[in-house]
Amino acid sequence: MNEIADRYRRRADAFAHLIDGVAPELWADPSPCADWDARDVVRHIIDMHAVMLAPLGRTLSPAPSVDEDPAAAFRAARADVEAILADPAVAATMCDTPGGRVSAEGHVDRVVSDDLPLHGWDLARATGQDDTIDPQDVERLWAGTSSLPAELLAQFRTPGAFGPGVVVFGPEVKVPADAPLQDRLLGMIGRDPARR
């Protein structure tokens with residue numbers, strides 16, 4: 001497998017582990033994402049998997065809904081994206097996306113793969129699980145996010161800039177300059193790392 005597929009698989013494994021760790025009574029608990037409960041975090045991740053398929057003329061395979069079985073819903077969506085990454089010709093297909101023209105695998109890597117550890121933190125925080133993001137993901141996401149041009153960062157913080165109802169980042173949450181890198185990353189994308 002290539003680096004993008006390996007990274008996606010590792011992150012998807014971690015997200016699936018978090019889903020499996022949610023006690024049934026915690027699915028309705030609020031998450032750090034405004035107006036979302038724990039189940040909504042998983043719903044968003046699955047919706048983003050569908051977004052990865054759309055430029056290729058594909059849709060999610062039939063599966064249980066997130067309301068019925070969050071783990072099964074995620075497994076099915078994951079399998080659909082892994083099918084793209086497993087086929088070199090499909091993975092290399094160029095797609096028009098809100099971020100520009102990129103390969104299908106590049107789109108997966110920049111969007112849903114990066115979403116997994118960040119929303120994994122949301123799910124973990126909502127359900128009382130270990131919310132430590134893999135340090136290599138923290139470093140990679142920090143490097144990419146902290147190097148964004150100011151105008152693009154402002155666009156990411158503007159609700160609806162990438163489509164109706166889409167909010168990429170919330171308003172920045174100030175954290176101390178000497179805070180752990182995970183906390184600084186979370187603050188940059190609009191999460192309060194001190195929120196419990």
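Phe15 is buried, with a relative accessible area of 1%, where buried means under 20%, exposed over 50% and partly exposed in between (1.4 Å probe, protein chains only). Phe74 likewise counts as buried, at 1% relative accessibility. The model is a predicted one, in which local features need pLDDT of at least 70 and side-chain atom pairs count only at pLDDT 80 or more, while totals for chains, interfaces and linings use all residues. Residues are numbered from 1 along each chain as its sequence is written, and side-chain values use heavy atoms, with hydrogens and water left out.

A pair of aromatic rings is described by the distance of the centres and the angle of the planes. Rings of Phe, Tyr and Trp (its six-membered ring) pair if their centres lie within 6.5 Å; planes under 30 degrees apart count as stacked, over 60 as edge-to-face and the rest as tilted. Two aromatic pairs are counted by this rule. The ring centres of Phe15 and Phe74 are 5.2 Å apart and the planes stand at 55 degrees, so this pair is tilted. Because Phe15 lies in helix H1 (residues 3–20) and Phe74 in helix H3 (residues 70–86), the pair ties together parts that are 59 residues apart in sequence. Helices here are DSSP runs (H or I, at least four residues), as strands are (E, at least two), numbered from the N terminus.

For Phe156 and Phe169, the ring centres are 5.3 Å apart and the planes stand at 90 degrees, so the pair is edge-to-face. Phe156 belongs to helix H8 (residues 150–156) and Phe169 to the loop between H8 and helix H9 (181–188), so this pair ties together parts that are 13 residues apart in sequence. Both Phe156 and Phe169 are buried.

Another helix pairing involves H7 (residues 135–146) and H9, whose axes come within 10 Å and cross at roughly 40 degrees. H7 and H9 are therefore oblique to each other. Among the residues that meet here are Trp142 in H7 and Arg184 in H9. The charged end of Arg184 sits over the ring of Trp142, 5.4 Å from its centre (the rule asks for NZ of Lys or CZ of Arg within 6 Å of the ring centre and within 35 degrees of the ring normal).

Some single residues complete the picture. Arg7, in helix H1, counts as buried at 9% relative accessibility. Not counting residues up to four places away in sequence, Arg7 touches Asp109, Ser113 and Arg140. Val111, in the loop between helix H5 (104–110) and helix H6 (112–127), is partly exposed, with a relative accessible area of 23%. Leaving aside neighbours within four places in sequence, Val111 is in contact with Met48 and Met52.

Methods: Axes are lines fitted to C-alpha atoms, for helices over the stretch in contact, and angles run from 0 to 180 degrees between N-to-C directions. Angles under 35 degrees count as roughly parallel, over 145 as roughly antiparallel, 65 to 115 as roughly perpendicular and the rest as oblique. Contact means heavy atoms within 4.5 Å.
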